[in-house]
Amino acid sequence: TIENEGIDRTAVHEFISAHKHKLVSFEETENGAIFSFTGTDENSLAADVNSFFIAEEYKLESGTILSGDYGKGSHTLRLIAGVLVKRFKFYVNIYSEQDKTILEFSKAMSGFSGGVLRVSELSKEFERLKNSLKSI
């Protein structure tokens with residue numbers, strides 16, 4: 001975890017806030033959310049999004065920081081123990097469009113393998129992260 005690696009979660013969030021990107025629009029979609037920022041570029045936003053997820057104890061499981069999946073919890077244990085194991089996985093895609101930098105954020109799993117409880121937890125975690133990403 002982050003504490004074991006000597007990383008202070010609060011300090012990371014403060015650092016990111018100091019380098020805040022200007023959110024100019026936010027849109028809920030059927031699959032997630034789309035954030036549009038100005039005053040930044042793909043690489044800068046991707047680095048801050050990556051730092052944000054690391055501070056939240058997520059790791060990049062596939063892809064790159066520009067387009068990849070961030071997960072928390074063991075996929076293998078989730079398959080074995082199902083409802084007993086918390087597992088979250090989200091997809092991030094960052095790209096430039098005209099004068100804006102776009103962040104697409106969505107669930108990369110349904111949560112159904114853990115039953116109703118885990119579907120609810122996944123939705124709550126998605127909402128929490130989505131709201132935090134608004135102020136990245």
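Me: What does the side chain of Glu 56 make a polar contact with?
Reply: With the side chain of Arg 128, at 2.8 Å. A polar contact is a pair of N or O atoms within 3.5 Å; within protein, one must be able to donate a hydrogen and the other to accept it, and residues adjacent in sequence count only if both atoms are side-chain atoms. This is a predicted model, where local features need pLDDT of at least 70 and side-chain atom pairs count only at pLDDT 80 or more, while totals for chains, interfaces and linings use all residues. Residues are numbered from 1 along each chain as its sequence is written, and side-chain values use heavy atoms, with hydrogens and water left out.

Me: Is Glu 56 buried or exposed?
Reply: Glu 56 is buried, because its relative accessible area is 5% (buried is under 20%, exposed over 50%, partly exposed in between, with a 1.4 Å probe and protein chains only).

Me: And where does Glu 56 lie?
Reply: In the loop between H2 and E3. Helices (H or I, at least four residues) and strands (E, at least two) are DSSP runs, numbered from the N terminus.

Me: What about Glu 57, where does that one lie?
Reply: Glu 57 is also in the loop between H2 and E3. Its relative accessibility is 26%, so Glu 57 counts as partly exposed.

Me: What's the phi of Glu 57?
Reply: About 70°, a positive value although Glu 57 is not a glycine. Most residues other than glycine have a negative phi.

Me: OK, and what's phi like in Gln 98?
Reply: Positive as well, near 55°, and Gln 98 is a residue other than glycine. You'll find Gln 98 in the loop between E5 and E6. With 79% relative accessibility, Gln 98 counts as exposed.

Me: Let's zoom out. How many helices and strands are there in the chain?
Reply: Four helices and six strands. Going along the sequence, you read α-β-β-α-β-β-α-β-β-α. The chain has 136 residues, and 37% of them count as buried.

Me: In what order do the six strands form the sheet?
Reply: E1-E2-E6-E5-E4-E3, in an open sheet with antiparallel pairing (two strands pair if DSSP finds at least two bridges between them).

Me: Which strands stand at the edges?
Reply: E1 (22-28) and E3 (59-63). Each has a single partner strand, so one side of each has no neighbour in the sheet.

Me: How many bridges join E1 to E2?
Reply: Six, and E1 and E2 (residues 32-38) run antiparallel. Glu 28, for example, stands opposite Ala 33 in E2.

Me: Which helix packs on the sheet?
Reply: H2 (residues 42-55), which touches E2, E4 (67-72), E5 (88-97) and E6 (100-107). Touching here means contact, with heavy atoms within 4.5 Å.

Me: New topic: how many aromatic pairs does the count come to?
Reply: Ten. Rings of Phe, Tyr and Trp (its six-membered ring) pair if their centres lie within 6.5 Å; planes under 30 degrees apart count as stacked, over 60 as edge-to-face and the rest as tilted.

Me: What kind of pair are Phe 35 and Phe 37?
Reply: The pair is stacked, because the ring centres of Phe 35 and Phe 37 are 6.3 Å apart and the planes are at 15°. Phe 35 and Phe 37 are both buried.

Me: Which residues do ring pairs link into a cluster?
Reply: Phe 52, Phe 53, Tyr 58, Tyr 70, Phe 90, Phe 105 and Phe 126.

Methods
Axes are lines fitted to C-alpha atoms, for helices over the stretch in contact, and angles run from 0 to 180 degrees between N-to-C directions.
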